[in-house]
Amino acid sequence: MSLRARFKDDLKTAMKAGQSGKVGTIRMITAKLKDVDIAGRAKGDDEVSDDAVISMLRGMVKSRTESAALYIKGGRPELAEKEEAEIAIIREYLPADLDDATIEAAVREAVGRTDATSMKDMGKVMAALKEQFGAALDPSRASAVVRAQLSA
């Protein structure tokens, strides 16, 4: 089932169950998805791929994580809890994260395959990893491992 279909089905289910928090979050996701689709039309796509949707969801999680940290720092734990609840709902649509050992092994293999020797080659390694794993790869975690490998 595509992510778009899951959003619609989950929205209907949450509405019937009276889960207002989940309904609001899914509506926020679909609104952001419409924005991404509109931006994609400039490139000639009517609808963006599921990989682009996953990337969008990762961006939403990142921004909410940063917001929650700021709310905690500012003494607003109730707002931080709301952000954390939204993060939990958004994460339901993300693929399972790769474990650290898998990422490290894939980075070593990609570094060898691309003949990367310095930080200048980081883009080549990241491109190889994205090609290999697609949306399952969390770019922020992978880039930290790539930096460590290339700077060693």
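## Exercise 1: Who touches whom?

**Task.** Which residues in α2 meet which residues in α4?

**Solution.** Keep in mind that this is a predicted model. On the α2 side, look for G21, K22, T25, M28 and I29; on the α4 side, the partners are E86, I89 and I90. Now sort them by class: the contact of α2 with α4 has four nonpolar, two polar and two charged residues.

## Exercise 2: Helix geometry

**Task.** Work out how α2 and α4 are arranged: at what angle do their axes cross, and is the crossing left-handed or right-handed?

**Solution.** Two packed helices are described by the angle and the distance between their axes. Start with the spans: α2 covers residues 20-41 and α4 covers residues 77-91. Their axes come within 10 Å and cross at roughly 65°. Angles of 65 to 115 degrees count as roughly perpendicular, so α2 is roughly perpendicular to α4. As for handedness, α2 passes α4 in a right-handed crossing.

## Exercise 3: Zooming out

**Task.** Describe the whole chain: how many helices and strands does it have, and what share of its residues is buried?

**Solution.** Count the elements first: seven helices and zero strands. Next, get the extent; the C-alpha trace spans about 55 × 45 × 30 Å along its principal axes. Of the 152 residues, 34% are buried. The chain exposes about 9100 Å², with carbon and sulfur atoms supplying 53% of that. Finally, check the contacts with a separation of 6 or more: 59% of them are between residues 24 or more positions apart.

Note on methods. Residues numbered from 1 in each chain as written. Predicted model: local features only at pLDDT ≥ 70, side-chain atom pairs only at ≥ 80, totals over all residues. Heavy atoms only, no water. Axes fitted to C-alpha atoms, helices over the stretch in contact; angles between N-to-C directions. Helix = DSSP H or I, 4+ residues; strand = E, 2+ residues; numbered from the N terminus. Parallel < 35°, antiparallel > 145°, perpendicular 65-115°, else oblique. Left-handed = near helix turned anticlockwise from the far one by under 90°. Contact = heavy atoms within 4.5 Å. Nonpolar A, V, L, I, M, F, W, Y, C, P; charged D, E, K, R; others polar. Buried < 20%, exposed > 50% of the residue type's maximum accessible area, 1.4 Å probe, protein only. Areas by Shrake-Rupley, 256 points an atom, 1.4 Å probe, with all protein chains shown as cover.
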